[in-house]
Every structure is written in structure tokens, then in C-alpha cells.
Amino acid sequence: MKDIVKITSDIISLDEVAKSVHDPKAGAISTFSGTTRDNFEDKEVKTLAYEAYVPMAEKSIQSLITAARQKWSDLIHIAIWHKIGDCPVGETSVVIAVSSGHRTQGLEAVHWLIDELKVQVPIWKKEVYTNGGPDGTDGGEVWKANNTIPK
């Protein structure tokens, strides 16, 4: 069993993260890929900017992985990669990949991991908006709390 935690300013590849959890014992590799969308509440999003105190964020992610292993015994490998820095529209900001003997536990673990990551891990997100003008001028920015899970 391996746990892979990576916080990076590089572009994140879903394929690379999924390959990192491949195992011949796995009947499933379940993934979640979060990407920057171009809108939020009728505002046009230009980019997201993520900041973190990396050692603390890595420790928090590892704690989530440990908790997931206690909840689901069928998990083989778990990888969680999160981007810091600018993440423009269409780019991936977070990928979670879990290999498991069977799909049900892997899918449940991925769902739980992304929800808990947004609540517990000290990674901060700022949305930067455009004003919709042809020159792409700045339309403001807002730090977003990730302490709630949408219903």
C-alpha cells in the first residue's frame, strides 16, 4: 500500500495520478478531478489562485488518507495531488485516485476524500474575476472558504 501526497505548482495530469495507483490486485481505480470553471454566481471567473502552507497541508492530507484506510479496508493505493498558484479556467486543481479490490469502496472513498479535503485541509482559494470586457480587465477577486460542502 502506498500513499502519495503531492502539492505542486505544476500542471496536474489525471492520467499520471491514476497510473501512480495502478496495481495488479486492483479491480478498480476510482478518480476525481477538480477543474476551474469559467463562472460562479453570474460572475466570469478568469482564474483560481491557491495558497497553502505546504508542510501542514501535506500532513492534513495524509491524515485524511489514514482515516480513509480505517473506513474502507479494500483500498490499495491512494494518491492526492493539489495545485498551488494560479489555476486558469479548464485546468485541473486537484486529483484524487484510489485503487481498490472492488469499485464500491474506492468510489465511496474518493467521494469522502474530496469532501473532507475541502473542509479540513489548509489550502486557500481565491477566485479572480473578469468584468466581461473585451480587454479582459480585472473584475475583482474573492477569497473563498472551503468549510462547507454543497448540498
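Reader: Leaving aside neighbours within four places in sequence, which residues is Thr36 in contact with?
Author: Thr36 touches Val45, Leu48, Cys87, Pro88, Val89, Gly90 and Glu91, where contact means heavy atoms within 4.5 Å. Before we go on: this is a predicted model, where local features need pLDDT of at least 70 and side-chain atom pairs count only at pLDDT 80 or more, while totals for chains, interfaces and linings use all residues. Residues are numbered from 1 along each chain as its sequence is written, and side-chain values use heavy atoms, leaving out hydrogens and water.

Reader: Okay, and where is Thr36 found?
Author: In the loop between β2 (28-35) and β3 (39-40). Strands (E, at least two residues) and helices (H or I, at least four) are DSSP runs, numbered from the N terminus.

Reader: Is Thr36 buried or exposed?
Author: Buried, at 4% relative accessibility. The cut-offs are under 20% relative accessible area for buried, over 50% for exposed, and partly exposed in between (1.4 Å probe, protein chains only).

Reader: Glu91 was in that list. Which residue does Glu91 form a salt bridge with?
Author: Lys83, with the closest N and O atoms 2.9 Å apart. A salt bridge here is a side-chain nitrogen of Lys or Arg within 4 Å of a carboxyl oxygen of Asp or Glu. Both Glu91 and Lys83 are buried.

Reader: How many salt bridges does the structure hold?
Author: Four. One of them joins Arg69 and Asp3, whose closest N and O atoms are 2.7 Å apart. Arg69 sits in helix α2 and Asp3 in strand β1 (residues 3-8), so this pair ties together parts 66 residues apart in sequence.

Reader: How do Arg69 and Asp3 score for accessibility?
Author: Arg69 is buried at 17%, whereas Asp3 is partly exposed at 32%.

Reader: What about Glu127, which residue is its salt bridge with?
Author: Lys144, at 3.9 Å between the closest N and O atoms. That pair links distant parts of the chain, 17 residues apart: Glu127 in strand β8 and Lys144 in strand β9 (residues 138-144). Glu127 is buried too, with a relative accessible area of 4%.

Reader: New topic. How many residues are in the largest nonpolar core?
Author: It has 27, and Ile80 and Leu113 have the most contacts inside it. Such a core is a set of buried Ala, Val, Leu, Ile, Met, Phe, Trp, Tyr and Cys residues joined through side-chain atoms within 4.5 Å. Elements supplying at least two residues each include β4 (43-52), α2 (54-71), β5 (75-83) and α3 (103-120).

Reader: Which element gives the largest share?
Author: α3, with six residues. Apart from this core lies another, of seven residues, among them Ile12, Ala79, Trp81 and Ala97.

Reader: How do α2 and α3 meet, at what angle do their axes cross?
Author: Roughly 145 degrees, with the axes coming within 10 Å. Axes are lines fitted to C-alpha atoms, for helices over the stretch in contact, and angles run from 0 to 180 degrees between N-to-C directions. On the α2 side, the residues include Ile61, Leu64 and Ile65, and they meet α3 residues including Trp112, Leu113 and Leu117. The residues of this contact divide into eight nonpolar, two polar and two charged.

How values were computed
Nonpolar A, V, L, I, M, F, W, Y, C, P; charged D, E, K, R; others polar.
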